[in-house]
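Please report on the model below.

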Amino acid sequence: MSSPEWISHGWLATLAFTFGVCAVALLRHPCRRLFGTELAALLWTVPPLAVVVACLPHVVTGPLAGLPPIVVQIASAPGPLVTAAQASTTQPELPWFVSMAWLGGVVGVSLVALMAQRRYRYRLRDAVPMPGTTFPWPVLKATHADVGPALVGAWRPRIVLPADFERRYEPGERALILAHEATHARRLDGWWCLIGQAVASLFWFHPLAWWGLRALRHDLELACDAAVVHTNDASRAMYARAMLKTQATGALLPVGCSWSSRHPVTERIVMLKRIQPGHARRSAGRMSLGLLVAALSAVVYAATGQDGAAYHPGKDVVTSALKAARPAQEALAESTSRPSGNPSGNAALGLPAPDSGAFGPAIKRLEIAEGGHVLVTLADVHGAVAGHLDLEMHPAAQVGSVGWSCRSSDIPDVQQLAPTCSYLAGFAGKHKVDLMSFDRFSLDVALSINGKEVDKAAKVCLKTGEPYRFTREQDASHPPVQGSVSVQPMASGQVEIRSALEGGIIRQPIFPKLHSYPGQTATIQVGEKVGGDHPEDHTVKLDVIATPGCA
């Protein structure tokens, strides 16, 4: 994954995590009062779920034909098709020390938690099985009085009791403590602690991560207390006495649930006095909680989606796709000399099927469509849709070759990724401009010879069909070139650029006509670049931008 993608995913995940923890912080106390402590603990599914949802690909499934057709650049030249130039992206690269600092923090926090878990388990090395227990999980009695009661581990949990378990607690209290730890195991609270620790390690830099981890552990204890009291119809006073008899322990247990007084005992005792909701309210709570989690997930997914189905593929994806699509362009260009005209469909040109995957990893789908279109669906590193390109062929018989336009309706920064493509929204479909109502157009005209711009006229106001004439006299570096350009609106929402060129490398006058959209650059290029890595430019190029109306 490239640095911009890394930044984007990390930023979205952090925002989603913050939203999830804040939502739980606001809802956990009201949920306890309304639906009970056991259900309130399930709110902690929201933060990790929000992170996962935020990182899901936001795929647009609509057909490419429904996307607004956008012409970005038109090039016409005798000879080989113009290749997409390599462009430097303007997306910022993530400084290496930032990624290393985050990764170092993740590794450091994980190692600290692992060592704490190993230290706790090391103190259990001489623990012995507790006789007279019938639980599905091992019940061990430690050799230290400050170890346990606790549930230790997630994959193969075990219940640990202190060395003075029989002396410290009365028989009724011992039964409640065992029921408490067994409830932890039955509710898979060890896994909850493991997931919470993993999330806190990933977001070690976020203060809410550590508050959330403590709050999660506290809510698990409260939920377990409520479940034991509700299930066993136990004496709340006896349960409270067992809490107060439990010693504080200095040993940290990252993956597991401890009865130590690290948890606020006062709030746990207050909870024991609270009457828990009945069956009907708990059922309503489960339904409400499910709807709430689904709604919050939908909000996160919508908030982290790309506005207006705007994609942001990496530069390597766009340039690789343009390179991989060139054989299809060449096959389509060659078909212009056939009597049958421009065929449609991949099979007519001897190309693989659109979804065959034969066009390389950067292309998810490539299809030859009617009217001389090569429709390309880009694929990101995960194989999801990363945007669309519409490569349209424009025959120019007067020049003896074809021109191509690179279109994209959903990649706003496409011109930064490939200079022969850029983004234009709003000249198709419901946003189509009625150009036939304009009788004047503004033109930006630039003339380049041998790769260097030699003349530029900005905002020339012309009537429809009126030619703008230009002349470039010969100097020491450039031969004389002259010509004209005019604009004719079309009912399709495009404009027809009509030009005349002569001089320079052009041996006889030519009159190319190309179609473009208002506001986009139409490029007429004659000649070719000769050479390998450092080619010599022998071209005459005319760049024209037509805009409806005159200021």
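## Helix α3

Which residues of helix α3 (residues 46-55) are buried? They are Val46, Pro47, Ala50, Val51, Val53 and Ala54. Because they cover an arc of only 170 degrees around the axis, they sit on the same side of α3. The arc is taken from the directions from the helix axis to the C-beta atoms. Buried means under 20% relative accessible area, with a 1.4 Å probe and protein chains only. Helices (H or I, at least four residues) and strands (E, at least two) are DSSP runs, numbered from the N terminus.

## Basis of the model

This is a predicted model: local features need pLDDT of at least 70, side-chain atom pairs count only at pLDDT 80 or more, and totals for chains, interfaces and linings use all residues. Residues are numbered from 1 along each chain as its sequence is written, and side-chain values use heavy atoms, leaving out hydrogens and water.

## Nonpolar cores

A nonpolar core is a set of buried Ala, Val, Leu, Ile, Met, Phe, Trp, Tyr and Cys residues joined through side-chain atoms within 4.5 Å. The largest has 30 residues. Leu322, Leu366, Ile368, Val374, Val376, Leu378 and Leu391 touch the most other members. Elements that each supply at least two residues include β7 (363-369), β8 (373-379) and β9 (385-396). Helix α12 gives the most, with nine residues.

A second, separate core has 28 residues. Val485, Ile497, Ile506 and Val526 are among them.

## Confidence

pLDDT is the predictor's confidence in each residue, from 0 to 100. The protein averages 77, and 78% of the residues score at least 70. Among the elements, helix α7 (residues 189-202) has the highest mean pLDDT (93) and strand β1 (residues 73-76) the lowest (33).

pLDDT stays under 50 over residues 306-310 and over residues 426-432. Where pLDDT is low, the predicted coordinates should not be read in detail.

How values were computed: Buried means under 20% relative accessible area, exposed over 50%, partly exposed in between (1.4 Å probe, protein chains only). Contact means heavy atoms within 4.5 Å.
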